[in-house]
Number of protein chains: 2
Amino acid sequence: MTSDLSPLAGRGQIARARRESLGSPFNAEPMTEHAPRSPFHPYEGALPPTPPSAQVLARFASIVGENYALTSASDRAPYEREWREHFTGKAAMVLRPKSVDEVAAILKLANETRTAIVPQGGNTGLVGGQTPHETGHEIVLSLTRLDRIRDTDPAGNTLTAEAGVVLRRAQEEAARVERLFPLSLSAEGSCTIGGVLSTNAGGVQALVYGTARDLVLGLEVVLADGRVWHGLRRLKKDNTGYDLRHIFVGAEGTLGVITAAVLKLFPRPSAQATAFAGLPSPEAALDLLSRLQARVSGAVTSFELLPRIAIETVIAHDPLSRDPLASAHPWYVLIEVSSQSPEGLRESLEATLAQAIEDGVATDAALAQSLEQRNAFWRIREMVSEKQKALGGSIKHDVSVPVAAVPAFIARASAAVARLVPGCRLMPFGHLGDGNIHFNVSQPQDADKDAFLALWNEVNELVHGIVASFGGSISAEHGIGRLKRALLPGVKDAIELDLMRSLKRMLDPNGILNPGKVL
Amino acid sequence: MTSDLSPLAGRGQIARARRESLGSPFNAEPMTEHAPRSPFHPYEGALPPTPPSAQVLARFASIVGENYALTSASDRAPYEREWREHFTGKAAMVLRPKSVDEVAAILKLANETRTAIVPQGGNTGLVGGQTPHETGHEIVLSLTRLDRIRDTDPAGNTLTAEAGVVLRRAQEEAARVERLFPLSLSAEGSCTIGGVLSTNAGGVQALVYGTARDLVLGLEVVLADGRVWHGLRRLKKDNTGYDLRHIFVGAEGTLGVITAAVLKLFPRPSAQATAFAGLPSPEAALDLLSRLQARVSGAVTSFELLPRIAIETVIAHDPLSRDPLASAHPWYVLIEVSSQSPEGLRESLEATLAQAIEDGVATDAALAQSLEQRNAFWRIREMVSEKQKALGGSIKHDVSVPVAAVPAFIARASAAVARLVPGCRLMPFGHLGDGNIHFNVSQPQDADKDAFLALWNEVNELVHGIVASFGGSISAEHGIGRLKRALLPGVKDAIELDLMRSLKRMLDPNGILNPGKVL
């Protein structure tokens, strides 16, 4: 239903209501719009796994019990394709273990029999990392039954959760003990802790709290040979040797299977203020961010950039959304500040905005006067990707550049893409404070959608080239998976790729973990 | 002069004045107090490096030029021992390259000739990681001439500094552009960026800003074979493959040589308030921390725990220090809150302390009324380690446990050590908010110092056993180096050690990088 390639503001009641209205991801209509297939053969450049025999499959099934070894096409289907149907595949079997011991036994057998394993959490990934290839030779290892919260420690500000715990449940558990687990993204109602760690998810509060990587103190990981690394530390400081956590976080299940994690909790903000500001340019938005951070620093929890066309598209196609300001402005930012100390927070935001208007940095601004108005502001931001579909086909990029370079990047990329595709409608938006822009390009009005989408690779190449010239990243928060695997050698230097391949060989010498993904 | 095993509050004028009064570290008097030697032969469990021939040494010298290849005993001396003289060694040569290319050429030659390289920054490490063994077969690679600040980007909040840039210079460069580089520790006037990253240094502001690991966006690293990994990214978000940064941070120069880093900058706090509070127990201190964090969260930049004996020792032996509160209390915390928003900060601290006193959590408190009083408060904290020498020999531990477990850890470790060494004087102090306690034990009054120090290993074993029972760390911030190398197999599980050894083999197959350290 939605072609969203970007984690959205999954916060507050509206976000929740919207997602619920979408129903199960797997009831979604097949999409006509889609990303192009990788030019690679699935296992090109990787060790080809051995197709499991009936006998081997029976041994796998006996580890989890027949009820949790899914073999029929209908049982397997929800694990073989993701909800947008950009990536569909075929698995030899789907295994749903209940314990770390079962995961360990599965990997040990897979390693011995050279069977490919595709780890999967909530199946909400956006780059095809969690679904099997079309070969029918791979086993999907679904972690959703490892769903225990093993420990909640509000005094120590930690939460120890198994890989299959749904993100929203972790947030709710934190709230139950008056704490905040700040990772927040649109898929939070179905994505899992193991998944968000394996993809190092970002979301709308990364500006202050960092990405998933920054929120993990310890890990439990099943290695490719079935051994278990018990690294569930709860320590803020530990300098006893090499840090192994960060090898597995963001590795998209290619180096080991995360089965549990110790997550950091934070105090819950007691005050929050939300505003929409109109601005002449991305430069002005950056200036405003800098003013706001100088004034309230760590309290700026969200700072989301939107071009006018995004506002227009949402208000034209979402009956519940209205223009947030009295007149039109070329650019907008949605700002949220949050703090434990209610004193002066709202006033600081108000004063900063007033001064910015006086100085010509902002042209208008509105503070949310109620929770309802706050939710209405967030709804606009959340609807951008979904309503962009109303403009026809769109070619998407999840990129980042140094924060200070965002305005120059937007200017150069916009000019270049407009030259390549005259009449295209540019919709660069996203997490300005993280330097993370979803540079989305909608087709020209009344143009042929397929002809436009045929330009996907060419537009990608152009935009990614400009990203590279700013020392940026072609995947800021969604990962590599299958979608960007072919692009990696073009953006990483040979030494870094060699180090990555060495790590892969060291940790998965038989290439059984998610082959044909990332590397 | 000082037996300090703990990074102290290196902030403000007093800290600076004190360090300057100490003069050059290398003029320090030899210490009578010392940690015991490792029971290992230097290279036990590691590949023994090849002693470099005169010919090989000449080839090394030709890379940097004769002026920067130090061979005489007097030229080498400052690089062969650290200032406390706990660790002394003998190098075949000291090389002082000026560029990354020279470092690369040195490592390439070392790898070809199997010559051991000991990377060194400011030579302020506390566990013997940066000095050569006694064999005379190793080359010290001093990075202090790589001292360029390559870029300062206040808009993007980054600072790109070479490995040899002294920490204080990085702080000052940040201040010059109205930013904060928050890493702060007692050695900041001489330790270097390469050194603090290689040891993942902590210090007195880790509570909010994290350790060195949390402050680095990108790295440039010369690998063991002389190849250079150009990973100087400035991105807040980058999910294009495995994260290699964290492999090298905290690896103590055993996996690669960090030559430059992109560091994160922050807005400078415009308001600060400092207080000393007296409390009945560490439990009460933890309660106070939790109240304060619930009120001002990210503004609690320091929260340092001290027992009464620490106050008594300082005021008895430092003529410039006075009791911070009117009467004596069993425990104290030194609190600092910092913020960009001056509104209400001091009032929040005051109100929290007043409520804590009313609730019996604190028994008394004083807010610093002037910069002078603030510095006097910090001076007490800074003098603890130094003045502890007046009590005679002391056996030290740099440990961490989960924050919530600190009170129980202190109680159990204190009881156990008091049983083992009746009459000993316990001085557990440090970074309560990080769970990081410097559990120092002074000898009983009038006891024989050598006899007491002979118990070093036994006391260590006892304390570290209790640390382990809390899932803690035997090196919270100082690292492993030589000092704790023999202890590592006792505290790491076999799988983690195996992963560490695999990483070492992968990145340094010939074992030339700092052999006999860490692993």
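Me: Is Asn375(B) buried or exposed, and what is its relative accessible area?
Reply: In this predicted model, Asn375(B) belongs to helix α12 of chain B, which covers residues 371-388. A residue is called buried when its relative accessible area is under 20%. Asn375(B) falls in that class and is therefore buried, with a relative accessible area of 5%.

Me: How many Å apart in space are Asn375(B) and Val421(B), C-alpha to C-alpha?
Reply: Along the sequence of chain B, 46 residues separate Asn375(B) and Val421(B). In space, taken from C-alpha to C-alpha, the separation of Asn375(B) and Val421(B) is 36 Å.

Me: Where in chain B does Thr131(B) lie, and what is its relative accessible area?
Reply: Thr131(B) has its place in the loop that runs between β3 (116-120) and β4 (138-142) of chain B. Although it sits in a loop, Thr131(B) is buried, and its relative accessible area is 0%.

Me: Which residues is Thr131(B) in contact with, leaving aside its neighbours within four places in sequence?
Reply: Contact here requires heavy atoms within 4.5 Å. Pro119(B), twelve residues away along the chain, has its C-alpha atom 8.3 Å from that of Thr131(B). Once the neighbours within four places in sequence are left aside, the contacts of Thr131(B) are Tyr79(B), Glu80(B), Arg81(B), Glu82(B), Phe87(B), Val118(B), Gln120(B), Asn123(B) and Lys517(B).

Me: Which residues of chain B are in contact with Asp434(A)?
Reply: Asp434(A) is placed in the loop between β18 (425-431) and β19 (436-442) of chain A, and it is buried, with a relative accessible area of 5%. Its contacts beyond four places in sequence include Gly203(A), Ala206(A), Leu207(A), Val401(A) and Val403(A), and the C-alpha atom of Val401(A), 33 residues away in sequence, is 8.5 Å from that of Asp434(A). From chain B, the contacts of Asp434(A) are Lys236(B) and Lys237(B).

Me: What rotation superposes chain A on chain B, and what relation is that?
Reply: Chain A is brought onto chain B by a rotation of 180°, with 0.0 Å of shift along the axis and an RMSD of 0.0 Å. That is the relation of a two-fold axis.

Me: What percentage of the interface residues of chain A are also interface residues in chain B?
Reply: The copies meet through the same surface.

Me: Is Pro154(A) buried or partly exposed, and which residues does it touch?
Reply: Pro154(A) is located in the loop between β5 (149-153) and β6 (158-162) of chain A. Its relative accessible area is 26%, and Pro154(A) is thus partly exposed. Gln171(A), 17 residues away in sequence, is 13 Å from it in space, C-alpha to C-alpha. Not counting residues up to four places away in sequence, Pro154(A) touches Val177(A) and Arg179(A).

Me: What is the phi of Asp446(A), and what is that of Val518(A)?
Reply: Asp446(A) is found in the loop between β19 and α14 (449-453) of chain A, where it counts as exposed at 79% relative accessibility. Val518(A) is found in the segment after α17 (494-507), and it is buried, with a relative accessible area of 1%. Neither is a glycine, yet Asp446(A) has a positive phi of about 65°, and Val518(A) likewise has a positive phi of about 65°.

Me: What is the radius of gyration of chain A?
Reply: The secondary structure of chain A consists of 17 helices and 19 strands. For 519 residues the globule rule gives 24 Å, and the value for chain A is close to this, so the chain is as compact as a globular protein of that length, with a radius of gyration of 23 Å.

Me: How many positive and negative side chains does chain A have, and how many Å apart are the centres of the two sets?
Reply: Chain A exposes about 17400 Å², of which carbon and sulfur atoms supply 51%. Its charged side chains number 53 positive and 57 negative, and the centres of the two sets are separated by 4 Å.

Conventions: Residues are numbered from 1 along each chain as its sequence is written. Chains are lettered from A and ligands numbered from 1 in the order in which they are written. This is a predicted model: local features need pLDDT of at least 70, side-chain atom pairs count only at pLDDT 80 or more; totals for chains, interfaces and linings use all residues. Side-chain values use heavy atoms; hydrogens and water are left out. Helices (H or I, at least four residues) and strands (E, at least two) are DSSP runs, numbered from the N terminus. The radius of gyration is taken over C-alpha atoms; the globule rule is 2.2 Å times the number of residues to the power 0.38. Accessible areas come from the Shrake-Rupley method with a 1.4 Å probe; for residues, only the protein chains shown count as cover. Lys and Arg count as positive and Asp and Glu as negative; His and the chain ends are not counted. The place of a charge is taken as NZ of Lys, CZ of Arg, CG of Asp or CD of Glu. Copies are superposed by least squares on the C-alpha atoms of residues with pLDDT of at least 70 in both. Buried means under 20% relative accessible area, exposed over 50%, partly exposed in between (1.4 Å probe, protein chains only).
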